[in-house]
Every structure is written in structure tokens, then in C-alpha cells.
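Hi,

Here is the structure I promised to pass on. Have a look at it first, and then read on for what I found.

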Amino acid sequence: MCLSCMVRLIYCEMLGYEASFGYIHAIKLAQQGSLMEKRVGYLAVSLFLNESHELLLLLVNTVLKDLQSSNLLEVCMALTVASQIFPPDMIPAVLPLVEEKLLHSKEIIRRKAVLALHKFYLIAPNQVQHIHDKFRKALCDRDPGVMAASLHIYLLLIKENPEGYKDLTGSFVTILKQVIGGKLAVDFNYHSVPAPWLQIQLLNILRLLGKEDQR
């Protein structure tokens with residue numbers, strides 16, 4: 001199926017019309033197309049399929065292959081799709097490769113890997129219990145975007161067990177001071193306020209850590 005036809009199918013689905021006859025063609029585009037076709041194919045798959053759809057099994061090998069690709073865009077697409085629509089029973093297939101991406105040289109890959117692990121933790125927390133140490137490395141990442149992505153995971157972890165993460169209180173305070181002090185790039189500012197959503201996230205974390213703890 002040509003690229004323009006797939007875009008039209010996406011538009012039909014957005015308008016509420018069923019286009020299930022084209023789902024398999026979206027998967028084929030993601031599997032075999034050029035880089036642009038893969039992007040549209042992955043986009044269509046993420047919009048068409050849900051975690052329980054039977055056609056999702058056909059996408060696993062493609063995601064595994066793209067996670068090992070040397071092309072950054074292919075890796076990004078695979079991480080995005082894995083974090084959006086992969087059900088718990090498919091996580092073990094991709095988890096080792098997603099973990100590897102936490103050490104990738106490009107910050108966008110590390111950030112997307114953290115976001116994928118955040119989704120995995122939401123739907124299957126037992127499967128990512130063994131990589132908490134890597135979450136700590138993400139918190140100390142030199143890229144602010146990776147660090148900010150790790151805060152989503154820590155907010156969940158601290159809600160469940162504040163006592164287990166009190167040793168990180170100093171790190172969160174230091175990060176908050178850096179944010180307030182304007183140490184992040186201006187891209188993080190909103191109407192001249194330094195990273196307001198990041199500040200709120202950090203304040204929520206510190207609130208949970210300090211609850212019923214006078215010291």
C-alpha cells in the first residue's frame with residue numbers, strides 16, 4: 001500500500017470510520033518500507049492497534065530488529081511503539097534491548113528508553129524490579145531530559161515506598177536548586193519560569209519523602 005493511502009486510512013480512522021482492512025498494510029510498511037514509510041507505518045500501527053490486538057504479534061520481530069539498528073530514527077520509532085502498545089507478555093522480549101539503550105551515547109535514545117521503562121513499570125512492575133540501579137543512573141544523567149524522564153518513575157516508586165528512597169532526598173534537593181537557579185537550557189523555560197513542570201514534579205517527590213518526617 002502506498003504512503004498516501006496509509007495517511008488517508010489514518011484520517012478515516014480519526015473521523016470514526018473503520019479501516020481494519022488496512023491494519024496489516026501498516027505493519028508491512030513498518031517492516032519493509034523505506035525510512036519515511038516505516039515512520040508512517042509505525043504511526044499507523046500505534047493508532048490502529050491496542051495492547052490486546054492479535055496483529056501485534058507480527059510486529060515484535062520488527063521492533064527487535066529496529067532496536068538493534070544503527071539508525072537513530074529506527075531505534076527511536078521502535079522504543080516509542082514498544083512503550084505505547086506492547087502488553088505485559090511481550091515486555092520480556094524487548095526488555096534487555098531497552099535496558100541497553102539506557103547507556104546509549106545519544107540522549108534522545110536514553111530518554112526514550114527511560115520513558116519505555118516507565119510504561120513497563122506501570123503495566124508490569126515485577127518485570128523491571130531488577131533495574132532500579134539503572135533508574136538511579138538515569139536520575140544523574142548529564143542530559144536534563146533524561147533526568148526529567150526518570151522523575152516519572154521515581155514519583156511512582158516513592159508513592160509506594162517513601163522509606164526506600166529517603167537516601168535520594170539530597171539529590172532531589174540539588175536538582176531542584178539547579179532548576180530554580182536557571183542551570184537548565186532556556187528550552188526548559190515557560191514564560192521565563194525555569195522548568196515549572198519539573199519543579200512541580202520535584203516538589204511532589206519531596207512532599208512524599210518528607211511526609212510525617214519532621215527531620
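Predicted model: local features only at pLDDT ≥ 70, side-chain atom pairs only at ≥ 80, totals over all residues.

The packing of α4 against α6 can be described in some detail. Helix α4 spans residues 60-67 and helix α6 spans residues 91-100; their axes lie 10 Å apart, at an angle of about 10 degrees. Angles under 35 degrees count as roughly parallel, so α4 is roughly parallel to α6. On the α4 side the contact uses V60, V63, L64 and L67, which meet A93, V94, L97 and V98 of α6. By class, this contact has eight nonpolar residues, with no polar and no charged ones.

**Helices α10 and α11**

The other pair I would point you to is α10 (residues 169-180) with α11 (residues 196-210). Their axes come within 10 Å and cross at roughly 155 degrees. Since angles over 145 degrees count as roughly antiparallel, α10 is therefore roughly antiparallel to α11. The crossing of these two helices, α10 and α11, is left-handed. From α10, the residues in the contact are T169, F172, V173, I175, L176, V179 and I180, and from α11 they are L198, Q199, L202, L203, I205, L206 and L209. Sorted by class, the contact of α10 with α11 holds 12 nonpolar and two polar residues, and no charged ones.

**The chain as a whole**

Stepping back, the protein chain has 11 helices and two strands. The C-alpha atoms fill a box of roughly 65 × 40 × 35 Å along the principal axes.

How much of the chain is buried? Of its 215 residues, 46% count as buried. The chain exposes about 11,700 Å², and carbon and sulfur atoms supply 55% of that area. As for contacts between residues at least 6 apart in sequence, 63% join residues at least 24 apart.

Enjoy looking through it!

Best wishes

Technical notes:
Residues numbered from 1 in each chain as written. Heavy atoms only, no water. Axes fitted to C-alpha atoms, helices over the stretch in contact; angles between N-to-C directions. Helix = DSSP H or I, 4+ residues; strand = E, 2+ residues; numbered from the N terminus. Parallel < 35°, antiparallel > 145°, perpendicular 65-115°, else oblique. Left-handed = near helix turned anticlockwise from the far one by under 90°. Contact = heavy atoms within 4.5 Å. Nonpolar A, V, L, I, M, F, W, Y, C, P; charged D, E, K, R; others polar. Buried < 20%, exposed > 50% of the residue type's maximum accessible area, 1.4 Å probe, protein only. Areas by Shrake-Rupley, 256 points an atom, 1.4 Å probe, with all protein chains shown as cover.
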